[in-house]
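Hi,

Here is the structure I promised to pass on. Have a look at it first, and my notes on what I found follow below.

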Amino acid sequence: MSESTPLLELRHVTAGYAQDIDVLREIQLRVDAGRITGLIGLNGAGKSTLVKTICGFLPPKTGSVHFRGEDISGVAPHRLIDLGICCIPQESSLFPYLSVQQNLMLPLLGRPKRFDAGMRARLQEVYELFPPLHEKRSQAAGSLSGGQQKQLEFAKAWLQQPTLCLIDEPSIGLSPKIAEEVFVWIERFTQANMGILLIDHNVRRVVRMSDRVCVLSLGRITAQGDAAEFRGNLHQQVQEWLGLHF
Ligand SMILES: Nc1ncnc2c1ncn2[C@@H]1O[C@H](COP(=O)(O)OP(=O)(O)OP(=O)(O)O)[C@@H](O)[C@H]1O
Ligand SMILES: [Mg+2]
């Protein structure tokens with residue numbers, strides 16, 4: 001993989017749930033190592049569908065998904081972890097009846113070699129960073145508060161040290177304080193050189209944190225570029241979405 005090869009690249013991806021209805025059309029997008037690509041768009045634009053397409057839940061009908069230069073279109077979702085890809089989905093990825101610790105360890109199922117000294121140290125680290133997860137490590141994940149469940153999702157991803165993390169609406173439904181913590185975690189992920197695809201309804205925050213921004217509208221990328229280009233005219237973009245711009 002040369003230095004200019006994107007960590008993740010979507011080439012002309014068209015995808016949808018029904019055979020004759022395309023939710024995403026001709027999507028071209030990239031995420032680089034240690035950088036954030038922010039994806040913004042109105043409800044129903046297709047943002048989560050894009051995540052599902054990258055993760056292999058919804059294989060592209062046309063076009064392709066490349067990870068570190070390799071075509072991974074339609075990859076079996078259980079292979080993602082071995083490739084170094086984690087997803088923190090909009091809906092929970094937790095098993096509510098399993099304990100906090102069992103949820104943290106779930107990606108290691110069938111991969112005993114990954115439970116090495118580094119993993120043990122990181123487990124210790126996440127328990128120090130999130131004392132409630134340590135306190136409640138034997139309790140069912142479903143008994144945690146919404147904020148604690150989100151901490152568990154991030155802790156689970158951090159343990160795996162992926163090179164790419166897809167993060168869909170991490171702050172939705174959280175108190176402002178916990179939402180703030182979530183964004184600090186995302187910064188931490190990028191400092192560890194992970195590439196991030198970040199989707200969040202807090203458009204200003206996404207634009208401020210991202211290196212690149214993509215605007216998805218009715219399943220198409222209608223604008224994309226360096227985040228700096230968006231900081232000036234964000235208001236105009238939002239006005240256009242609301243139909244207020246003439
Ligand atoms: N499982 C599904 N089967 C059929 N259509 C679906 C399914 N999930 C989503 N859709 C449709 O696909 C379109 C895009 O939905 P998607 O969830 O990707 O949007 P989104 O941009 O993530 O929205 P939000 O901001 O509300 O999370 C919507 O019209 C939605 O109704
Ligand atoms: Mg969504």
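Let's start inside one strand: L29 sits in β2 (residues 24-31), where helices (H or I, at least four residues) and strands (E, at least two) are DSSP runs numbered from the N terminus. L29 is buried because 21 other C-beta atoms lie within 10 Å. The cut-offs here are 20 or more other C-beta atoms within 10 Å of a residue's own for buried, 12 or fewer for exposed, and partly exposed in between, with C-beta atoms placed from the backbone. Leaving aside neighbours within four places in sequence, L29 is in contact with L10, T37, C214 and I221; contact is when two C-beta atoms, placed from the backbone, lie within 7 Å. L29 and T163 are 134 residues apart in sequence, and their C-alpha atoms are 17 Å apart in space.

Before going on, some housekeeping. This is a predicted model, in which local features need pLDDT of at least 70 and side-chain atom pairs count only at pLDDT 80 or more, while totals for chains, interfaces and linings use all residues. Residues are numbered from 1 along each chain as its sequence is written, and chains are lettered from A and ligands numbered from 1 in the order in which they are written.

How confident is the predictor? The protein chain averages a pLDDT of 90, and 94% of the residues score at least 70; pLDDT is the predictor's confidence in each residue, from 0 to 100. Confidence is highest in strand β8 (residues 195-199), at 98, and lowest in helix α9 (residues 227-241), at a mean of 73. Where pLDDT is low, the predicted coordinates should not be read in detail.

What joins the two is worth a look. The largest nonpolar core has 58 residues, and those that touch the most other members are L164, C165, I167, I196, L197 and L198. A nonpolar core here is a set of buried Ala, Val, Leu, Ile, Met, Phe, Trp, Tyr and Cys residues joined through C-beta atoms within 7 Å. Helix α6 (residues 146-160) gives the most to this core, with six residues. The core lies between domain 1 and domain 2 because both give residues to it.

Two residues let you trace contacts in more detail. C165 touches C86, I88, A157, F189, M194 and I196, not counting residues up to four places away in sequence. I88, in turn, is in strand β6 (residues 85-88) and is buried, with 24 other C-beta atoms within 10 Å. With the neighbours within four places again left out, the contacts of I88 are E153, F154, A157, C165, I167, D168 and P170.

Then there is the ligand. Which residues surround ligand 1? They are Y17, V23, G41, N43, G44, A45, G46, K47, S48, T49 and Q90, each with a C-beta atom, placed from the backbone, within 6 Å of the ligand. This shell divides into three nonpolar, seven polar and one charged. For that count, Ala, Val, Leu, Ile, Met, Phe, Trp, Tyr, Cys and Pro are nonpolar, Asp, Glu, Lys and Arg are charged, and the others, Gly among them, are polar.

Helix α1 (residues 47-54) is mostly covered, with seven of its eight residues buried: K47, T49, L50, V51, K52, T53 and I54. After α1 comes G56, with a positive phi near 85°.

Two other residues have a positive phi without being glycines. E169, at about 50°, lies in the loop between β7 (164-168) and α7 (176-191) and is partly exposed, with 18 other C-beta atoms within 10 Å. N193, at about 70°, is in the loop between α7 and β8 and counts as exposed, with 12 C-beta neighbours inside 10 Å.

I81, in helix α2 (residues 80-83), touches P107 and Q160, not counting residues up to four places away in sequence. Q124, in helix α4 (residues 117-129), counts as exposed, with 11 C-beta neighbours inside 10 Å.

Cheers

Key. Domain bounds come from an automatic or database domain assignment.
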